[in-house]
Amino acid sequence: MKTLSIIKTLAIIVFTFITSISIYAQETPQLNDAEIANVAVVANQIDIDYAKLAIAKSKDAAVREFANTMINDHQAIIDLAVELVTKLGVNPKDNPVSKSLLNQADETTKKLKSVKGKAFDEAYINNEVAYHKTVIDAVNTLLIPQSQNTELKALLKTAVPILETHYHHAKMAQSKILKK
């Protein structure tokens, strides 16, 4: 019964997250490069924060290994983004999309902190699957098309295969965790 409740809660979280990104994508006629850089950094930092929570709460070796990969890979993307915006003299700028991501991350973090053990592992990995799918879609449909700087656009395009690998890794981990 707990698992069903967690899945329902995560479904609501994912729906809200996807809806908020879609709403802002529709309401925002154009993000400038400073705003796009901010969204990219925020999205990566959110996943690092989720992973740190997983390392702190999970006893499952596969979950902890996945979380460590998320920390390392997403930090590498942030480092590349910071290097690029420094080179370009761009200061990342808050915007409705990045604020929406942060607000939703706060809600998701509260939900993740409220569960323990196997329920946490399931909630974390289910969130990772949904989060990566949503971020991939946002990068492909919102950030890349609106990016004006060719180097920023190239960085975003470079991130997509990494995010897709994470998504598939999360799906594999999800199938293993849900079978336990």
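## Basis of the description

A residue is called buried when its relative accessible area is under 20%, exposed when over 50%, and partly exposed in between, using a 1.4 Å probe and protein chains only. By this criterion Asp-121 is buried, with a relative accessible area of 8%.

The model is predicted: local features need pLDDT of at least 70, side-chain atom pairs count only at pLDDT 80 or more, and totals for chains, interfaces and linings use all residues. Residues are numbered from 1 along each chain as its sequence is written, and side-chain values use heavy atoms, with hydrogens and water left out.

## Overall architecture

The protein chain contains six helices and zero strands, giving the pattern α-α-α-α-α-α along the sequence. Helices are DSSP runs of H or I with at least four residues, strands are runs of E with at least two, and both are numbered from the N terminus.

Of the 180 residues in the protein chain, 47% count as buried. Contact denotes heavy atoms within 4.5 Å. Among contacts in the protein chain between residues at least 6 apart in sequence, 84% join residues at least 24 apart.

## The nonpolar core

A nonpolar core is a set of buried Ala, Val, Leu, Ile, Met, Phe, Trp, Tyr and Cys residues joined through side-chain atoms within 4.5 Å. The largest such core has 47 residues, of which Tyr-124, Val-139, Leu-143 and Leu-156 touch the most other members. Two or more residues are given to this core by each of helix 2 (33-57), helix 3 (61-88), helix 4 (96-113), helix 5 (117-146) and helix 6 (150-179). Helix 5 supplies the largest share, 13 residues.

Leaving aside neighbours within four places in sequence, Leu-143 is in contact with Leu-31, Ile-36, Val-39, Ala-138 and Leu-156. In soluble globular proteins, nonpolar side chains tend to be buried together.

## Helix packing

Axes are lines fitted to C-alpha atoms, for helices over the stretch in contact, and angles run from 0 to 180 degrees between N-to-C directions. The axes of helix 5 and helix 6 come within 9 Å and cross at roughly 155 degrees. Helix 5 and helix 6 are therefore roughly antiparallel, a term for angles over 145 degrees; those under 35 count as roughly parallel, 65 to 115 as roughly perpendicular and the rest as oblique. Helix 5 passes helix 6 in a left-handed crossing, meaning that the near helix is turned anticlockwise from the far one by less than a right angle. The residues of this contact comprise 16 nonpolar, five polar and nine charged; Ala, Val, Leu, Ile, Met, Phe, Trp, Tyr, Cys and Pro count as nonpolar, Asp, Glu, Lys and Arg as charged, and the others, Gly among them, as polar.

Helix 2 and helix 3 pack with their axes 8 Å apart, at an angle of about 155 degrees, and are therefore roughly antiparallel to each other. The crossing of helix 2 and helix 3 is left-handed. Contributors to the contact include Val-41, Ile-48 and Ile-55 of helix 2 and Ala-67, Ile-71 and Ile-78 of helix 3. The residues of this contact divide into 14 nonpolar, five polar and three charged.

Asp-121 lies in helix 5. Apart from neighbours within four places in sequence, Asp-121 is in contact with Ser-58, Asp-60, Val-63 and Ile-177.

Glu-35 lies in helix 2 and is buried, with a relative accessible area of 12%. With neighbours within four places in sequence set aside, Glu-35 is in contact with Gln-30, Lys-93, Asp-94 and Asn-95. The C-alpha atoms of Glu-35 and Val-90 are separated by 9.7 Å, the two residues being 55 apart along the chain.
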